[in-house]
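Hi everyone, thanks for making time this morning. Let me put the structure up, and then we can walk through a few strands and helices together.

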Amino acid sequence: MVPQFKPSPLRIRFFCTKTVQQNHHHRWPIKQITKTNFNESLSEIKNHISSSDFIAVSLQNTGSFSSPWHCVSTFDTPDTAYLKAKFAAERFQILQFAICPFKLQASKVIAYPYNFHLFPRDELKMGMPSYSFTCQTSYLTAMAKEGFDFNTCIYDGISYLSEAQESAAKVRMGNPMAVDHATKSSSSPALSVADTVFIERVRSRVKHWKNACTDSDIKTEAALVTSLRKIVLGGEQFGSRPSMTIDVCSERQVQLVLKMLEDFSDVLVPLIIPAKGGGTQAVRAVLTSSDEDKDLLKRELQTFEFEQNKRVRGFREVIDLISASQKPLVAHNSLNDFTFIHSKFLAPLPPNMNEFICSLRLAYPQVIDVNYLLKDIGPVKKMTNISATIAYLKNRFFAPIEMEIPNQANENEGKIHGHNVVKICQLFGKLCSILKITPDAIESSDDFLASAINRYTNIFYSLPGSSQEPTNEEIRGWTNDKRKVSCEDVVFLWGFRERISAGILKNMLQGSHEVFAEAFNVRMVDRSCAIVVFGKPGLSNTFKNVMNSKAVSGPLREMVSDGLKAAGYETYQRVCSSGLWESALADALDKTLASHNCLSEAAYETKQSEIYLSNELINLAEL
Amino acid sequence: MKKRWPITILYRAFSSSTTSTTASFPLKHVKKSNFDSALSSLRHHVQAADFVAIDLEMTGITSAPWRDSFEFDRFDVRYLKVKDSAEKFAVIQFGVSPFRWDPLKQSFITHPHNFFIFQRQELPLDGAAYEFLCQTTSMDFLAKYQFDFNACIHEGVSYLSREQEDKALKHVNSTYEDESLDSWHSLKEIRDTHLFNIPDILFAERMKDRLSEWLGGLLRNRDGGSEVQPSFNDSKQQFETIFFKMRPAISLNGFTSHQLLLIQLVVRKHFKDLAYLRVSGENSCSQNVIVYIESESDKKMLMKEVKDEQKIDAEMSIKASIGFRHVIDLLSSEKKLIVGHNCFLDIAHIYSKFFGPLPLTAEEFISSVNKYFPHIIDTKILLNSNSILQQRMKKSSTSLSKAFSVLCPQIALGSKSTHLALQPSVKVEVEVDDIRSSNWNSGVKHEAGYDAFMTGCVFAQACSHLGIDFKQQSSSENLAHNEKLREHVNLLYLSWTNGEIINLSTGNRTSESLASNKRKNHYPKILFECIVIVWGFPSHLKAWDIRECISKVYGPTSVISVYHVDETAVFVQFSRAEMVSKFLDLKGSLDRNNDPISVLHPLAKLLEGGNTCAASYETYKEICSSTVSKVLFADQAKAVGIKWKTKLVESSDKTKEHESLRKVKAVNSDPSCGERTKNKNFDDVSNDSSYSQLSSDEIIDSFYTREAKQI
């Protein structure tokens, strides 16, 4: 099949495959943005953001959870759910970030969708934005099926730095900074003898150097002499201008040097060279030929810094635009999306949910999760798929929403991704109309909107959006069980034979001990571990005590001898907070128990019980 | 994944290449679509080959900066780092280039294959997700060389390791043996409780009627031969009469899963001569059928038939998912000489991807590798260890592309350089899809197929320089047994950085002798028992500050070197081994006391911030063996679960002393307290199964010393 090739000097791999064009995805023109057209699109995006009512966001990541139990599930408290989301956000990568500023007008949604292709390229060679990231093959294969072009993404994806990384990078790059008036201390410090000696020495060096540079006679000297002179005088070039570096040992010396250089302010421009570990490494004086030249230099420095910042920030420009607009954001799976956004674009994720929400609120005051709006409509079965949810609403409610996407036709036909973000807009429009958060109200009074929307804002974890459907039919009975369950009534069981079903396990337990005479439920968490929920308060403790006592007898003793183990909810919380993300929950629980034993038990236990007593009830209704 | 990527794309890719003016090195690119045919032709080429050159492209090398290869890596630590890399990163391209000497043409013929591989989860057996790590710099590097990620992810050949295959087969066996009556029973018990609500009962009644009607019609049909058709035309789509395994049957369509459950219940309760079956039909979607059976034994026969068929199907799909591993099995079973360039990591990847999990120690790894691949040659070692070749290399770098251009200029430059052939050179011809060529353009570096080709050429040329005459070499004789090569076979660089070489057939480790003059040694000889690892110190402290700080305590000659592992950790090498324990003892006591004396202590500068930890080299090894990879070493230590600040060590001569001390201690102190703390130490260690019993004893000893000092 491979023909014989004619020789040619080009060394391009021509086998690079083109991705398939998928016709059914051509519905909405979504502007695809890569490194090539990023800068030119920014101003347009900025306009759309500032004129929009809401901004929908949607991410395409390289994975979500590695083992079944890492997935946020209905038995998670907000904190454990957050820890799971955090674990995922820290490991996986965003490859596509779709944003869609939109307006709601009557039953019309006017949307301006953009889909950004991201790749965490180490532009500064500093191991940033991320040293490495994890990919789940199932995610990549699914993306491949949609015709995703990985070459575009990796060759031409937009890079970025988080806010925290940007400030770290600035220090480490050590770019010279122009001295602004704030850094110049106005008060003249009292001079010690040492200071005076230092200043005078530097002053004479600067004077010599300046004279040498400006003296026209020297220019006729031989090249060797010039270079020698350069070495002696410590002169360098800064761009096309001569400059001189003055080493300093302390911030005080920086001030002294700056003060001294003011005497030469007609031609010298001082620059500060930051040290790698923070602080100042040296002051550099740049010689300019005239006042115009001086202004030119200052402008040059400004544009240089501006360009560099832009290059460093990359995609975060967009994130900053969104943040600066303070517009409400609409997401579908907000906990997941915003842990990713926080960790990639703001700063490393804080250790718990509360701090996370506080930190996030500073950047994004309003986040609305459509899943939460959905809950208000009634007992909607949990839906992970937006299209399915839209179809469901279509069947139940009459709330036609017209989508208008005035974006110009896309130039790179056939590679349209990021449809979810438009679907989120559509779904949000539908939900607003059903819930009577009417667009009219939005237009007439912003306050009304605020109060109407506020009810739904910033709820990151009510019922997680991405829980798996129960895999065992046996636990169907739970669907009718509407009551909430306290964490205290939940016991984790493991150490039984693998691939056992919840039904069999329940049967086995039923006859094993008197605590199981009352109503209880069993659900598998993963193949290695199950949770038992006791209907009657207090039984869980009895059971745990029985499991740990020597008095355990009968069939239960038999099961314990076979390896059955039990632990309360607090052990599970400790698993999540200690980051023991083993692939089987049973292993993680075992390890946690093992490391727990070594701590002084009393102290830890009381601390823990306080935490879990204050835990909110968890709703097991929709298992 | 049954759905194949439309072949048209591939075809387009190929056809576009015909028309394009770009020509490149003739490589056989192998993807999903042409894998089977490529494999069968490769089989012949490998069988006929004198040696097979290989090369791999991975998604990354190190999972954290501190996992990079250092001169301070002891061989076991080096292995742990290689193991970590092979376990975390994926292989996305595999180059195989079998070389055969053609006596007629007096040249080598090679068939360079470039396999795109990508492991997909094709079997629904394993719950754990398949995932791999990407190092961003490596991905960027590959992108720079125009790596085709689409070809890899969209069309890469998948694979199963031997271990995965075994597991999958075992799983299939157990499910088809296990699925005896007990699972049916358990289903029944729970199902029965569902029949409470009226709609369910009514539906069940209706189904019962319909089934008996169908059954009745069937029996009448058979007995009387009357032409009465089943009367439920309204539900023809739902009840479709078919033949299943030569038996009349109903195929159920368009029912909800709950309805199917009810039907299943009805069948089991009321119809002895009907059997409900759920079979996976074509297109992998499952089909629900109710089959007419004549007797209980007929039912058993049917069940067995179905079960066997399903089992065979499942086994077939496992066999079909082996994919690229067939190539590795081929290389292994043919026992050909494998040639790689600096290929220790490559071999580790091959092991972990296609055989099974990497063993915990380098020794076990080496002996298993030797079983699978009895003859491996590393061209980088070959070039560095032989003086003739070193001369030929004219002291240039031994990187693959450099070696290729120095040793094989006539191949590197293709036909344009025939006039260069002054030195005796081995001729190599490339054959792809039965088209031979001896002139070509240079290929793309870091494409596995081309790299494998270069490696093979370098090896062939090196052999010729060593005086191996391929004309004399009989084709039946294994090249690996040639006496001129014998001393180079099965040597691999454990670490290129410090020139440590391991012999795969004997397990012996040697340091490179010849090359050492080439490599400048910046560091004095490394004695691991003299090394302390310190981390978590104030970030402004640099190696020099730390050295100064410690020298103040132990004198200017006490510290041999301070080496940054990363910005948060350093190795400190002392001049004498006993200083390690002295230092750790001192640090431990400074950690505990917070009095003015310890604040003014010279070491206080190092301990500032209260997060400074220190331990011996063994702890470093322990941290390396963890599967976690945090970017900073200090974070890693935390993630591994290190809660102490100083881990004391015991020199062997003191152990006895503490042995007695321990006894005294056990008598004097509260036994429960001692017991508990002892457990703690065990647990710290038990997290890591590779840790030897000896070291856990050491820790216990160290604990007792610490306790003794507190008194």
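In β20(B), S561(B) finds its bridge partner, Q573(B). Strand β20, residues 569–574 of chain B, pairs with β19(B) in the antiparallel sense, over six bridges. For these terms, strands (E, at least two residues) and helices (H or I, at least four residues) are DSSP runs numbered from the N terminus, and two strands pair if DSSP finds at least two bridges between them.

A quick word on where this comes from: the model is predicted, so to speak of local features we need pLDDT of at least 70, side-chain atom pairs count only at pLDDT 80 or more, and totals for chains, interfaces and linings use all residues. Residues are numbered from 1 along each chain as its sequence is written, chains are lettered from A and ligands numbered from 1 in the order in which they are written, and side-chain values use heavy atoms, with hydrogens and water left out.

Back to the sheet. Its four strands in chain B run in the order β19-β20-β18-β21, open and with antiparallel pairing. Which strands stand at the edges? They are β19 (559–566) and β21 (613–616) of chain B; each has a single partner strand, so one side of each lacks a neighbour in the sheet. From one strand to the next, the twist averages 20°.

Now the helices on it. Helix α21 (residues 578–592) of chain B lies across β18 (531–535), β20 and β21 of chain B, at about 150° to β21(B). Angles here run from 0 to 180 degrees between N-to-C directions, with axes fitted as lines to C-alpha atoms, for helices over the stretch in contact. Helix α25 (residues 633–640) of chain B also packs on the sheet, touching β18, β19 and β20 of chain B, and its direction makes about 95° with that of β18(B). Contact means heavy atoms within 4.5 Å.

Next, a helix pair. The axes of α3 (residues 75–88) and α24 (residues 617–624), both of chain B, come within 9 Å and cross at roughly 15°. That makes α3(B) roughly parallel to α24(B), a label for angles under 35 degrees. On the α3(B) side the contact uses D76(B), V77(B), L80(B) and K81(B); α24(B) brings Y617(B), Y620(B), K621(B) and C624(B).

Last stop: the hairpin of β3(B) and β4(B) has four residues between the strands, and Q106(B) takes a positive phi near 55° there. Four bridges join these antiparallel strands, and R100(B) stands opposite I109(B) in β4(B).

Conventions. Parallel < 35°, antiparallel > 145°, perpendicular 65-115°, else oblique.
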